[in-house]
Amino acid sequence: MPKKKPLVSSSLPLFSSNILNDGTTAIGAMKDRCLTCTLCKLHETRTNVVFGEGLMCEPKIAFVGEGPGRNEDEQGRPFVGDAGDVLMRWLASIRMTRDQVYICNTVNCRPPKNRTPEEDELEACSTYLHGQLLAVKPKVIVALGATAAKALARSSKAIGELRGQWLQWNDIPLRATYHPAYILRNAAAEEVVLKDFERIALKLETLCIA
Ligand code: URA
């Protein structure tokens, strides 16, 4: 009997469905590949790859951060340090918890001294980022900070210009807001972020999924 064709090839660009014929998940296959990735120079200085985590089947929200910091690099998990505490506070403001959302980053390895990821690093990791978003199919994407906002909106505009409106990524509503680390340095700006989160909650309501 001819071998059954996989529903989805496990080659990187095609993560459009979650279950492969052999029972593994597309995202699991992608994570396995990412854990040994050497596509950019960030692999030379990482302790752990920090792949996305959370609800993988149509979460209401997928958050996209910039890149792992020290705590994330040590633990191999996104947003587990101070910035993660801030993000959880924002989630709580719309009565949601970490296990109800998906959380990932524009790059999966920590940039040295937490510098902004460079173009070649963003480009190398974009297959993983796009693959994760296509596989989990969030109702809404929230870009945290300028790096994620610019990468997903394909814009060079500042975060102050990109936030406060609905954008789109592959037909999925996209909202940009400030990065939790920015709020740790500028507490006054948190009020604006909390308003952004109210808008996000309203959008989820209009999509009849809140
Ligand atoms: N900042 C990010 O952008 N991502 C993390 O995972 C943690 C801090």
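Predicted model: local features only at pLDDT ≥ 70, side-chain atom pairs only at ≥ 80, totals over all residues.
Reader: Which residue of β6 is the bridge partner of I141, and which is the bridge partner of L167?
Author: Take β4 (residues 140–144) to begin with: it runs parallel to β6, with four bridges joining them. On the other pairing, β5 (residues 167–169) meets β6 in the antiparallel sense over three bridges. I141 has its β6 bridge partner in L174. For L167, the partner in β6 is again L174.

Reader: What do β5 and β6 form, and which residue in the turn has a positive phi?
Author: β5 and β6 are antiparallel, paired over three bridges. They make a hairpin with two residues between them. The turn residue with a positive phi, about 50°, is N170.

Reader: Is the pair of F63 and F197 stacked or edge-to-face?
Author: A search of the whole structure finds three aromatic pairs. In one of them, F63 and F197 sit 5.9 Å apart, centre to centre, with 15° between the planes. Planes under 30 degrees apart count as stacked. So the 15° angle makes this pair stacked.

Reader: How many residues apart are F63 and F197?
Author: F63 sits in strand β2 (residues 61–65), while F197 is in helix α8 (residues 190–206). The pair thus links distant parts of the chain, and the two residues are apart by 134 residues.

Reader: Why is the pair of W90 and F197 tilted?
Author: The ring centres of W90 and F197 are 5.7 Å apart. Planes under 30 degrees apart count as stacked and those over 60 as edge-to-face, with the rest tilted. The planes here are at 55°, so the pair is tilted.

Reader: Which rings are linked into a cluster by these ring pairs?
Author: W90, in helix α3 (residues 82–93), and F197, in helix α8, are 107 residues apart. W90 is buried, with a relative accessible area of 0%. F63 is buried at 0%, and F197 is buried at 0% too. The cluster consists of F63, W90 and F197.

Reader: Which helix supplies the largest share of the lining of the largest pocket?
Author: The largest pocket has a volume of about 550 Å³. Of its 23 lining residues, G67, A83, N114, H179 and A181 are the closest to its centre. Helices α2 (70–75), α3 and α7 (180–185) each supply at least two lining residues. The largest share, four residues, comes from α7.

Reader: What gives the most to the lining of the second largest pocket?
Author: This pocket holds about 360 Å³ of space. It is lined by 16 residues, and E119, L122, E123, K150 and A151 are the closest to its centre. Both α4 (119–136) and α5 (146–153) supply at least two residues of that lining. With seven residues, the most comes from α4.

Reader: How many of the residues lining the largest cavity are nonpolar?
Author: The structure holds one cavity of 30 Å³ or more, and about 90 Å³ of space lies in the largest cavity. Its lining has 13 residues, with C37, C40, R46, C109 and C125 nearest the centre. Three polar residues and one charged residue are in that lining, and the nonpolar count is nine.

Definitions and conventions: Residues numbered from 1 in each chain as written. Heavy atoms only, no water. Phe/Tyr/Trp six-rings, centres within 6.5 Å; stacked < 30°, edge-to-face > 60°. Buried < 20%, exposed > 50% of the residue type's maximum accessible area, 1.4 Å probe, protein only. 1 Å grid on protein atoms, 1.4 Å probe; cavity = no way out; pocket = protein on both sides within 12 Å on 5 of 7 lines; lining within 4 Å. Points joined across faces, edges and corners; volume = space filled by probe spheres on them. Nonpolar A, V, L, I, M, F, W, Y, C, P; charged D, E, K, R; others polar. Pairing = 2+ DSSP bridges.
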